[in-house]
Amino acid sequence: MPAIQRFVICGDDTLAYRLADELINRHKRAVTVIMPSRASTYGRRIAKLGGVRIIESERPDTDAFQSARLDEANALALVGRNDVANIEAALQAHGLNPGLRIVVRMFNTSLSEGIAQLPYCTVLSDGALAAPAFVAAAVGEVTPTEGLRGGALVVARRDDVPAREVLCGLAVSEGREQADVLRAEQDAADLVLASAVPRKPAALTPRRRLTQRHSVGAILGRVWRRLRFVLAGFVGLLVAGSAILALQRSDGSWREAIYAATLAAFGGADAELSASALEQVTLLGLTIVSIALIPLLTGAVVDAVVKARLEVLDGTLPKRIAEHVVVVGLGGVGSYVIEGLHALGVDVVAIDKSADARGVQVARGLGIPLIIGDASRRDTLLAASVPTSRALVVITSDDSVNLETALIGRSVHHDLRVVLRLFDGDFAEQVQRAFDLTISRSVSYLAVPFFAARLLGQHLEAIPIDRRVLLMADLVVAPNSVLEEQTVGDLRRPGEAWLLEVTNTLGARLPSSLPSGRRLRRGEKLLMVATRAGLARLMQETSAPPDTAPRRPIVPHDSPAYHRSAPHPRDENDSDG
């Protein structure tokens with residue numbers, strides 16, 4: 001086994017940068033990055049990572065792979081934004097190194113299904129990996145509610161599951177700006193990992209969908225919105241005319257006054273030569289004004305009916321709604337987000353400025369009301385009924401557009417829950433401090449652990465909690481590894497990692513309630529939940545050491561030396577923005 005594993009990454013965006021940082025600083029791997037230019041925005045950031053090697057090439061081809069010594073690499077990550085170029089590069093790389101582990105980022109679902117059939121390729125979608133965290137934030141949940149381990153485990157509020165089914169206290173989240181994960185005081189955690197299916201939270205209770213509302217109701221709603229001001233003026237005119245006529249008539253009859261005013265307004269009154277001058281002027285005024293108002297009334301009705309019918313036909317918003325989620329940006333991530341919200345029974349209104357966006361057809365296929373327009377304009381958000389919505393999810397690919405849209409959304413609904421997609425971590429922190437927009441998520445931050453794990457030959461499941469991510473993984477205690485002969489208690493590491501289950505060499509599954517003094521043995525499988533830094537450390541501790549390296553001493557997890565030997569200099573409180 002070589003002293004240091006080598007990895008090659010092809011790409012120069014935020015995912016490539018975070019992946020290189022993860023492998024170099026957390027997992028202590030050697031990384032070579034192939035990119036068009038080191039002078040690009042992310043090229044400069046990647047170049048600043050200590051120990052990274054950069055190969056400049058317009059695209060990942062055979063020459064670039066040879067320069068990167070791909071034949072000596074352990075794994076290759078193709079994370080460019082061109083699906084076809086990624087497929088071509090994967091085929092070329094396999095020809096150069098048939099034993100290479102290849103992880104490919106794909107956007108097109110049809111192409112991804114095809115390449116996933118290649119046994120040497122793992123296909124991942126960063127949008128699909130990140131979407132559950134956006135969905136959870138949109139409906140006010142701390143973490144997604146999907147089942148883990150094929151549905152055998154769930155993340156739930158402690159009050160929603162029987163105490164006997166709780167495996168691990170994940171976080172204390174109530175009343176905190178940021179969740180405190182994997183506390184030593186396990187009973188204090190209000191968010192737990194359990195083996196029972198919890199009752200569905202009230203926030204996710206399905207409601208009658210927008211698409212079930214009949215188009216006649218939508219047309220009537222549109223007509224009323226257009227006519228209410230015209231009708232108000234018309235009624236005001238009739239009331240004023242009736243009052244004048246009643247006061248001028250000797251008998252003061254309101255019934256006759258209203259009757260005469262109405263006939264005059266609709267052009268049906270006869271001339272009254274014996275009437276007083278004021279009565280004649282009033283009747284004449286009613287007749288003339290009504291001639292102008294009636295065509296206006298007719299035009300407003302026709303315009304409202306036509307526009308409402310067009311909205312119903314093209315799938316745009318048919319009527320004002322409430323308690324829905326507005327999703328802005330229908331790219332790769334937006335497509336998965338609206339699918340996730342729709343699956344929960346949550347009403348959704350989707351917005352994108354392009355009719356060709358990837359998620360437009362998804363929205364139309366699901367019957368989700370769709371608005372094609374600029375979401376950074378106030379009238380677009382008003383058309384989506386943001387003032388009566390429960391949340392605004394802004395996930396375009398432009399940080400400035402996302403922030404502008406979020407601020408406009410807050411201006412029309414001060415208590416609105418806003419979920420932002422932000423790429424730049426420093427910018428996310430500044431936004432949080434300046435505008436109190438605390439719910440921000442980064443697609444690359446949520447997806448990177450999966451890409452890194454697959455490159456390292458591991459399979460993970462993620463538990464996003466607020467702005468942090470816990471990872472669940474199976475690890476095997478290798479011969480002569482650091483964990484061999486350590487105890488179960490050594491795997492209960494507050495704030496970093498927690499043991500869920502041990503499977504011994506005979507295949508028996510032992511619960512996490514094992515005595516702390518029980519020793520671990522080579523070949524045993526550990527089911528762990530950990531922070532990103534905690535998992536990186538565990539992966540090193542469970543692996544067999546290099547043949548040329550001396551075995552490292554066992555360092556107790558509660559000693560100062562343990563924390564000095566952590567694989568990454570930064571705390572797990574790193575922003576995900």
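A residue is called buried when its relative accessible area is under 20%. By that criterion, strand β18, which spans residues 468–476, is mostly covered, with 7 of its 9 residues buried. The model described here is a predicted one.

Strand β18 pairs with two strands. Strand β17 (residues 460–465) is joined to β18 by 6 bridges, and the two run antiparallel. Within this pairing, Glu461 lies opposite Met472 of β18.

Ser57 is placed in the loop that links β3 (53–56) to α3 (62–67). Its relative accessibility is 15%, and because buried means under 20%, Ser57 counts as buried.

Leaving aside residues up to four places away in sequence, Ser57 touches Ile34, Met35, Pro36 and Ala64. A further relation concerns Arg38, which is 19 residues from Ser57 along the chain; the C-alpha atoms of Ser57 and Arg38 are separated by 9.8 Å. The side chain of Ser57 also reaches the backbone oxygen of Arg59, at 2.7 Å.

## The second largest pocket

The second largest pocket holds about 760 Å³ of space. Its lining consists of 37 residues, and those nearest the centre of the pocket are Leu330, Gly331, Gly332, Asp352 and Arg358. Five elements are listed as giving two or more residues to this lining: α6 (126–138), α10 (332–343), β12 (348–352), α11 (358–366) and α13 (399–412). Helix α10 gives the most, with 6 residues.

Sorted by class, the lining of the second largest pocket has 15 polar, 13 nonpolar and 9 charged residues. Asp352 and Arg358, both among the residues nearest the centre, belong to the charged class, as Asp and Arg count as charged.

Note on methods
Residues numbered from 1 in each chain as written. Predicted model: local features only at pLDDT ≥ 70, side-chain atom pairs only at ≥ 80, totals over all residues. Heavy atoms only, no water. Helix = DSSP H or I, 4+ residues; strand = E, 2+ residues; numbered from the N terminus. Buried < 20%, exposed > 50% of the residue type's maximum accessible area, 1.4 Å probe, protein only. Contact = heavy atoms within 4.5 Å. Polar contact = N/O pair within 3.5 Å; in protein donor to acceptor, adjacent residues only side chain to side chain. 1 Å grid on protein atoms, 1.4 Å probe; cavity = no way out; pocket = protein on both sides within 12 Å on 5 of 7 lines; lining within 4 Å. Points joined across faces, edges and corners; volume = space filled by probe spheres on them. Pairing = 2+ DSSP bridges.
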